[in-house]
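Trainee: I'd like to learn how to read a model like this one, feature by feature. Can you give me the general idea each time and then the case at hand?

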Amino acid sequence: MQHHPGAHPPDHRTGPHLRTVAGPLPVTAVRGPALAHEHLVLDLDRAGDGAAVLDPTHHGPAVTVELAALRAEFGLGLVVELTCRGMGRDPYALSRIAQESGVAVVAATGWYYEPFHPDEIGGAGVEQLTDTLIDEIDNGFGDSGIRPGVLGEIGSHGDRPGGAETRTLLAAAHAAHATGLSVATHAQLGRGALAQLELLTSTGLPPHRISLGHQDLLDAPAVHRELAASGAYVAFDTVGKESYQSDDTRLRLLLSLLEAGYADRILLSGDISRHAYLESEGGQGYGHLFRSFLPKARAAGVDDALTDLMTRRNPVRFLTGADPEEI
(Lines give C-alpha, C1' and ligand atoms only; values in the text may rest on other atoms or scores of the structure.)
Protein backbone atom coordinates (compact mmCIF):
# COMPACT_ATOMS: atom_id res chain seq x y z
CA MET A 1 0.00 0.00 0.00
CA GLN A 2 1.17 3.51 -0.67
CA HIS A 3 -0.74 4.78 2.33
CA HIS A 4 0.55 4.82 5.88
CA PRO A 5 -0.92 5.46 9.34
CA GLY A 6 -1.68 9.10 9.94
CA ALA A 7 -1.49 10.03 6.26
CA HIS A 8 -4.80 11.87 6.39
CA PRO A 9 -5.35 13.23 9.91
CA PRO A 10 -8.68 14.83 10.83
CA ASP A 11 -9.17 18.47 9.97
CA HIS A 12 -8.50 20.55 13.10
CA ARG A 13 -8.22 23.97 11.49
CA THR A 14 -10.99 25.35 13.67
CA GLY A 15 -11.44 22.49 16.10
CA PRO A 16 -12.67 18.97 15.46
CA HIS A 17 -15.19 18.43 12.67
CA LEU A 18 -17.59 15.71 11.68
CA ARG A 19 -17.63 14.70 8.03
CA THR A 20 -21.29 14.80 6.99
CA VAL A 21 -22.99 14.31 3.64
CA ALA A 22 -23.22 18.12 3.42
CA GLY A 23 -19.53 18.61 4.21
CA PRO A 24 -17.51 19.31 7.38
CA LEU A 25 -19.54 20.18 10.49
CA PRO A 26 -17.89 21.56 13.66
CA VAL A 27 -18.63 19.35 16.66
CA THR A 28 -19.82 22.47 18.49
CA ALA A 29 -22.69 22.69 15.98
CA VAL A 30 -24.21 19.43 17.29
CA ARG A 31 -26.35 20.80 20.11
CA GLY A 32 -28.94 18.05 20.30
CA PRO A 33 -28.83 14.27 20.58
CA ALA A 34 -27.53 11.90 17.93
CA LEU A 35 -28.64 8.48 16.77
CA ALA A 36 -25.38 6.51 16.65
CA HIS A 37 -26.43 3.58 14.45
CA GLU A 38 -29.26 3.93 11.95
CA HIS A 39 -30.24 3.20 8.37
CA LEU A 40 -32.13 5.74 6.30
CA VAL A 41 -31.74 3.90 2.98
CA LEU A 42 -31.17 0.15 2.84
CA ASP A 43 -31.58 -2.99 0.74
CA LEU A 44 -30.77 -6.28 2.45
CA ASP A 45 -33.51 -8.23 0.70
CA ARG A 46 -32.33 -11.80 0.14
CA ALA A 47 -35.69 -13.51 0.60
CA GLY A 48 -37.43 -11.56 -2.16
CA ASP A 49 -40.14 -10.31 0.18
CA GLY A 50 -38.92 -6.71 0.31
CA ALA A 51 -39.02 -6.65 4.12
CA ALA A 52 -35.42 -5.63 4.85
CA VAL A 53 -35.66 -2.56 2.65
CA LEU A 54 -35.81 1.21 3.07
CA ASP A 55 -36.34 2.35 -0.49
CA PRO A 56 -35.42 6.03 -1.09
CA THR A 57 -38.37 6.56 -3.43
CA HIS A 58 -41.09 4.77 -1.47
CA HIS A 59 -39.87 5.23 2.10
CA GLY A 60 -37.56 8.24 1.89
CA PRO A 61 -40.33 10.82 2.44
CA ALA A 62 -41.52 9.01 5.59
CA VAL A 63 -37.95 8.83 6.89
CA THR A 64 -37.53 12.56 6.28
CA VAL A 65 -40.78 13.36 8.09
CA GLU A 66 -39.71 11.34 11.13
CA LEU A 67 -36.28 12.97 11.38
CA ALA A 68 -37.73 16.47 10.97
CA ALA A 69 -40.24 15.76 13.74
CA LEU A 70 -37.47 14.51 16.05
CA ARG A 71 -35.46 17.62 15.31
CA ALA A 72 -38.44 19.77 16.27
CA GLU A 73 -39.39 17.79 19.38
CA PHE A 74 -36.03 16.66 20.78
CA GLY A 75 -33.46 18.73 18.90
CA LEU A 76 -32.12 15.71 17.00
CA GLY A 77 -28.85 16.95 15.57
CA LEU A 78 -27.13 14.00 13.93
CA VAL A 79 -27.72 10.56 12.46
CA VAL A 80 -24.82 8.14 11.94
CA GLU A 81 -26.01 6.17 8.90
CA LEU A 82 -24.18 2.84 8.69
CA THR A 83 -25.39 1.50 5.35
CA CYS A 84 -22.17 0.52 3.60
CA ARG A 85 -20.99 -1.24 0.44
CA GLY A 86 -23.36 -4.02 -0.62
CA MET A 87 -26.19 -2.81 1.64
CA GLY A 88 -28.04 -0.61 -0.83
CA ARG A 89 -26.28 2.62 0.09
CA ASP A 90 -27.48 5.77 -1.74
CA PRO A 91 -25.47 8.92 -0.98
CA TYR A 92 -27.77 11.14 -3.06
CA ALA A 93 -30.79 10.01 -1.06
CA LEU A 94 -28.91 10.61 2.20
CA SER A 95 -28.08 14.11 1.04
CA ARG A 96 -31.73 14.83 0.24
CA ILE A 97 -32.96 13.47 3.55
CA ALA A 98 -30.39 15.51 5.48
CA GLN A 99 -31.24 18.71 3.62
CA GLU A 100 -35.01 18.31 3.85
CA SER A 101 -35.08 17.18 7.50
CA GLY A 102 -32.49 19.63 8.78
CA VAL A 103 -30.65 16.80 10.54
CA ALA A 104 -26.96 16.22 9.79
CA VAL A 105 -26.13 12.77 8.42
CA VAL A 106 -22.79 10.94 8.48
CA ALA A 107 -22.47 8.29 5.75
CA ALA A 108 -20.36 5.12 5.91
CA THR A 109 -18.05 2.88 3.97
CA GLY A 110 -16.93 -0.68 4.63
CA TRP A 111 -18.50 -4.11 4.42
CA TYR A 112 -21.28 -5.82 6.40
CA TYR A 113 -21.00 -9.42 7.59
CA GLU A 114 -20.22 -12.29 5.25
CA PRO A 115 -23.69 -13.35 4.00
CA PHE A 116 -24.02 -9.85 2.52
CA HIS A 117 -20.50 -9.45 1.12
CA PRO A 118 -20.50 -8.22 -2.49
CA ASP A 119 -18.47 -9.99 -5.16
CA GLU A 120 -15.70 -7.38 -4.91
CA ILE A 121 -14.44 -9.01 -1.73
CA GLY A 122 -13.90 -12.42 -3.33
CA GLY A 123 -10.25 -13.29 -2.95
CA ALA A 124 -9.12 -9.68 -2.47
CA GLY A 125 -6.41 -9.31 0.13
CA VAL A 126 -6.34 -6.88 3.04
CA GLU A 127 -4.14 -4.44 1.13
CA GLN A 128 -6.49 -4.26 -1.85
CA LEU A 129 -9.56 -3.89 0.36
CA THR A 130 -7.83 -1.17 2.38
CA ASP A 131 -7.03 0.77 -0.78
CA THR A 132 -10.68 0.50 -1.89
CA LEU A 133 -11.84 2.06 1.38
CA ILE A 134 -9.19 4.79 1.42
CA ASP A 135 -10.04 5.74 -2.16
CA GLU A 136 -13.72 6.11 -1.26
CA ILE A 137 -12.92 8.09 1.89
CA ASP A 138 -10.56 10.42 0.05
CA ASN A 139 -12.52 10.83 -3.20
CA GLY A 140 -16.12 10.20 -2.26
CA PHE A 141 -18.88 7.91 -3.48
CA GLY A 142 -18.50 7.71 -7.25
CA ASP A 143 -18.80 11.22 -8.71
CA SER A 144 -21.23 12.42 -6.01
CA GLY A 145 -18.68 14.54 -4.16
CA ILE A 146 -20.11 13.05 -0.93
CA ARG A 147 -17.56 11.42 1.36
CA PRO A 148 -18.02 8.92 4.18
CA GLY A 149 -17.42 10.05 7.74
CA VAL A 150 -17.19 6.65 9.42
CA LEU A 151 -16.19 3.07 8.66
CA GLY A 152 -19.14 0.80 9.36
CA GLU A 153 -21.01 -1.26 9.95
CA ILE A 154 -18.09 -3.65 9.61
CA GLY A 155 -19.59 -7.05 10.28
CA SER A 156 -18.92 -10.51 11.63
CA HIS A 157 -21.03 -13.32 13.02
CA GLY A 158 -20.31 -16.01 15.56
CA ASP A 159 -17.75 -15.84 18.32
CA ARG A 160 -14.88 -15.18 15.91
CA PRO A 161 -14.88 -13.55 12.46
CA GLY A 162 -14.58 -15.81 9.42
CA GLY A 163 -11.78 -15.46 6.90
CA ALA A 164 -13.44 -12.86 4.69
CA GLU A 165 -14.76 -11.00 7.73
CA THR A 166 -11.26 -10.92 9.20
CA ARG A 167 -9.97 -9.33 6.00
CA THR A 168 -12.70 -6.66 5.95
CA LEU A 169 -12.18 -5.84 9.63
CA LEU A 170 -8.43 -5.50 9.16
CA ALA A 171 -8.96 -3.37 6.05
CA ALA A 172 -11.28 -1.09 8.01
CA ALA A 173 -8.70 -0.74 10.77
CA HIS A 174 -5.92 0.13 8.32
CA ALA A 175 -8.19 2.61 6.52
CA ALA A 176 -9.06 4.18 9.86
CA HIS A 177 -5.36 4.64 10.58
CA ALA A 178 -4.78 6.25 7.20
CA THR A 179 -7.75 8.62 7.21
CA GLY A 180 -8.57 9.47 10.81
CA LEU A 181 -12.06 7.95 10.69
CA SER A 182 -13.49 5.64 13.35
CA VAL A 183 -14.83 2.08 13.01
CA ALA A 184 -18.33 0.91 13.99
CA THR A 185 -18.96 -2.83 13.93
CA HIS A 186 -21.85 -5.21 13.45
CA ALA A 187 -21.56 -8.08 15.94
CA GLN A 188 -24.35 -10.42 14.88
CA LEU A 189 -26.76 -10.80 17.83
CA GLY A 190 -24.09 -9.17 19.98
CA ARG A 191 -21.65 -12.07 19.68
CA GLY A 192 -17.97 -11.81 18.82
CA ALA A 193 -17.30 -8.23 19.94
CA LEU A 194 -14.25 -9.20 22.00
CA ALA A 195 -12.75 -10.93 18.98
CA GLN A 196 -13.54 -7.91 16.81
CA LEU A 197 -11.85 -5.61 19.32
CA GLU A 198 -8.79 -7.87 19.50
CA LEU A 199 -8.48 -7.91 15.71
CA LEU A 200 -8.99 -4.17 15.22
CA THR A 201 -6.60 -3.13 17.98
CA SER A 202 -3.95 -5.61 16.76
CA THR A 203 -3.27 -3.06 14.01
CA GLY A 204 -2.61 -0.33 16.57
CA LEU A 205 -6.03 1.29 16.17
CA PRO A 206 -6.89 2.93 19.52
CA PRO A 207 -9.92 1.40 21.26
CA HIS A 208 -11.60 4.80 21.60
CA ARG A 209 -11.95 4.91 17.80
CA ILE A 210 -13.97 1.66 17.87
CA SER A 211 -17.66 1.05 18.57
CA LEU A 212 -18.75 -2.55 19.12
CA GLY A 213 -22.26 -3.01 17.77
CA HIS A 214 -25.47 -4.62 19.02
CA GLN A 215 -24.28 -5.28 22.56
CA ASP A 216 -27.80 -4.80 23.90
CA LEU A 217 -28.65 -8.13 22.24
CA LEU A 218 -26.09 -9.92 24.41
CA ASP A 219 -27.13 -10.46 28.03
CA ALA A 220 -23.57 -10.50 29.33
CA PRO A 221 -22.73 -7.57 31.61
CA ALA A 222 -19.20 -8.88 32.20
CA VAL A 223 -18.48 -8.72 28.47
CA HIS A 224 -19.83 -5.18 28.30
CA ARG A 225 -17.59 -4.14 31.18
CA GLU A 226 -14.55 -5.74 29.54
CA LEU A 227 -15.21 -3.92 26.26
CA ALA A 228 -15.74 -0.60 28.02
CA ALA A 229 -12.68 -1.06 30.24
CA SER A 230 -10.55 -1.31 27.09
CA GLY A 231 -11.64 2.20 26.12
CA ALA A 232 -13.90 1.10 23.25
CA TYR A 233 -17.51 2.20 22.87
CA VAL A 234 -20.27 -0.27 23.70
CA ALA A 235 -23.25 0.23 21.40
CA PHE A 236 -26.74 -0.42 22.73
CA ASP A 237 -28.08 0.25 19.29
CA THR A 238 -31.13 -1.95 18.68
CA VAL A 239 -33.37 -0.20 21.21
CA GLY A 240 -37.02 -0.93 20.45
CA LYS A 241 -36.42 -4.18 18.55
CA GLU A 242 -38.51 -6.16 21.01
CA SER A 243 -38.59 -9.30 18.85
CA TYR A 244 -34.84 -9.64 19.45
CA GLN A 245 -34.62 -8.43 23.04
CA SER A 246 -36.96 -6.70 25.46
CA ASP A 247 -36.30 -3.08 26.32
CA ASP A 248 -36.59 -4.08 29.97
CA THR A 249 -33.52 -6.30 29.51
CA ARG A 250 -31.75 -3.53 27.60
CA LEU A 251 -32.42 -1.13 30.46
CA ARG A 252 -31.10 -3.61 33.02
CA LEU A 253 -27.91 -4.05 30.97
CA LEU A 254 -27.54 -0.29 30.53
CA LEU A 255 -27.95 0.40 34.23
CA SER A 256 -25.39 -2.30 35.02
CA LEU A 257 -22.83 -0.63 32.75
CA LEU A 258 -23.62 2.79 34.20
CA GLU A 259 -23.25 1.49 37.75
CA ALA A 260 -19.84 0.10 36.80
CA GLY A 261 -18.75 3.63 35.87
CA TYR A 262 -18.74 3.42 32.08
CA ALA A 263 -21.23 6.11 31.08
CA ASP A 264 -18.62 7.66 28.80
CA ARG A 265 -18.34 4.44 26.75
CA ILE A 266 -22.02 3.99 25.81
CA LEU A 267 -23.72 4.72 22.48
CA LEU A 268 -27.48 4.47 21.94
CA SER A 269 -29.63 4.02 18.83
CA GLY A 270 -32.44 2.00 17.25
CA ASP A 271 -30.99 0.47 14.06
CA ILE A 272 -34.09 0.93 11.90
CA SER A 273 -33.51 -1.65 9.16
CA ARG A 274 -36.96 -2.53 7.77
CA HIS A 275 -39.72 -0.35 6.43
CA ALA A 276 -42.13 -2.02 8.89
CA TYR A 277 -40.19 -0.30 11.69
CA LEU A 278 -41.21 3.14 10.38
CA GLU A 279 -43.90 5.01 12.31
CA SER A 280 -45.93 5.41 9.11
CA GLU A 281 -46.18 1.60 8.93
CA GLY A 282 -47.00 1.10 12.60
CA GLY A 283 -43.45 0.52 13.81
CA GLN A 284 -41.45 2.02 16.66
CA GLY A 285 -39.77 4.58 14.42
CA TYR A 286 -36.54 6.50 14.86
CA GLY A 287 -38.01 8.27 17.89
CA HIS A 288 -38.49 5.21 20.09
CA LEU A 289 -35.26 5.89 21.96
CA PHE A 290 -36.41 9.39 22.94
CA ARG A 291 -40.12 8.74 23.43
CA SER A 292 -40.03 5.40 25.24
CA PHE A 293 -36.65 4.09 26.31
CA LEU A 294 -35.00 7.23 27.72
CA PRO A 295 -38.06 8.14 29.83
CA LYS A 296 -37.80 4.66 31.41
CA ALA A 297 -34.10 5.27 32.00
CA ARG A 298 -34.85 8.62 33.62
CA ALA A 299 -37.39 6.94 35.89
CA ALA A 300 -34.61 4.55 36.90
CA GLY A 301 -32.34 7.44 37.88
CA VAL A 302 -30.52 8.38 34.66
CA ASP A 303 -30.33 12.18 34.79
CA ASP A 304 -30.16 14.73 31.97
CA ALA A 305 -26.38 15.03 32.13
CA LEU A 306 -25.94 11.28 31.65
CA THR A 307 -28.47 11.30 28.84
CA ASP A 308 -26.62 14.11 27.07
CA LEU A 309 -23.33 12.24 27.53
CA MET A 310 -24.67 9.03 26.00
CA THR A 311 -26.70 10.58 23.19
CA ARG A 312 -24.60 13.59 22.13
CA ARG A 313 -21.11 13.84 23.55
CA ASN A 314 -20.19 10.17 23.22
CA PRO A 315 -21.17 9.81 19.55
CA VAL A 316 -19.32 12.99 18.64
CA ARG A 317 -16.23 11.88 20.57
CA PHE A 318 -16.39 8.44 18.96
CA LEU A 319 -16.53 9.90 15.44
CA THR A 320 -13.79 12.49 15.91
CA GLY A 321 -11.58 11.34 18.76
CA ALA A 322 -12.09 14.83 20.24
CA ASP A 323 -11.27 15.59 23.85
CA PRO A 324 -14.31 15.82 26.14
CA GLU A 325 -13.55 19.48 26.83
CA GLU A 326 -14.00 20.28 23.14
CA ILE A 327 -17.62 19.12 23.07
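Trainee: Where is the place of Gln284?

Mentor: Start with how segments are named: helices (H or I, at least four residues) and strands (E, at least two) are DSSP runs, numbered from the N terminus. Gln284 sits in the loop between S13 and H8. Keep in mind that this is a predicted model, where local features need pLDDT of at least 70 and side-chain atom pairs count only at pLDDT 80 or more, while totals for chains, interfaces and linings use all residues. Residues are numbered from 1 along each chain as its sequence is written, and side-chain values use heavy atoms, with hydrogens and water left out.

Trainee: Is Gln284 buried or exposed?

Mentor: The cut-offs are these: buried means under 20% relative accessible area, exposed over 50%, and partly exposed in between (1.4 Å probe, protein chains only). Gln284 has a relative accessible area of 18%, so it counts as buried.

Trainee: And which residues is Gln284 in contact with?

Mentor: A contact means heavy atoms within 4.5 Å. Leaving aside neighbours within four places in sequence, Gln284 is in contact with Gly240, Lys241, Ile272, Tyr277 and Glu279.

Trainee: Glu279 also carries a charge. How do I read a salt bridge?

Mentor: Side chains of opposite charge can pair when their charged atoms come close. The rule here asks for a side-chain nitrogen of Lys or Arg within 4 Å of a carboxyl oxygen of Asp or Glu. Glu279 forms such a bridge with Arg291, with the closest N and O atoms 2.7 Å apart. Arg291 lies in helix H8 (residues 288-299) and Glu279 in the loop between strand S13 (266-268) and H8, so the pair ties together parts that are 12 residues apart in sequence. Arg291 is partly exposed at 36% relative accessible area, and Glu279 is partly exposed at 39%.

Trainee: How many salt bridges does the rule give in total?

Mentor: The count comes to 14. One of them joins Asp216 and Arg250, whose closest N and O atoms are 2.7 Å apart. Asp216 lies in the loop between strand S11 (210-212) and helix H6 (221-230), and Arg250 in helix H7 (residues 247-259), so this pair ties together parts that are 34 residues apart in sequence. Both Asp216 and Arg250 are buried. Then look at Arg298 and Asp304, where the closest N and O atoms are 3.6 Å apart. Arg298 is partly exposed at 38%, while Asp304 is exposed at 56%.

Trainee: Which residues are linked in a network of salt bridges?

Mentor: Arg85, Arg89, Glu120 and Glu136 are. Thr109 is buried, at 0% relative accessibility. Beyond its neighbours within four places in sequence, Thr109 has contacts that include Arg85, Arg89 and Glu136, along with Leu133, Ile137 and Pro148.

Trainee: What about Val63, is that buried or exposed?

Mentor: Val63, in helix H1 (residues 60-74), is buried with a relative accessible area of 0%. Not counting residues up to four places away in sequence, Val63 touches Leu40, Ile97, Leu278 and Tyr286. For a contrast, go to Glu325 in the segment after helix H9 (304-320); at 71% relative accessibility, Glu325 counts as exposed.

Trainee: Let's zoom out. How many helices and strands does the protein have?

Mentor: Nine helices and 13 strands. The radius of gyration (taken over C-alpha atoms) is 18 Å, close to the 20 Å from the globule rule (2.2 Å times the number of residues to the power 0.38) for 327 residues, so the protein is as compact as a globular protein of that length.

Trainee: What share of the residues is buried?

Mentor: Buried residues make up 58% of the 327. Of the contacts with a separation of 6 or more, 76% come from residues 24 or more positions apart. As for the box, the C-alpha atoms fill roughly 55 × 45 × 45 Å, taken along the principal axes.
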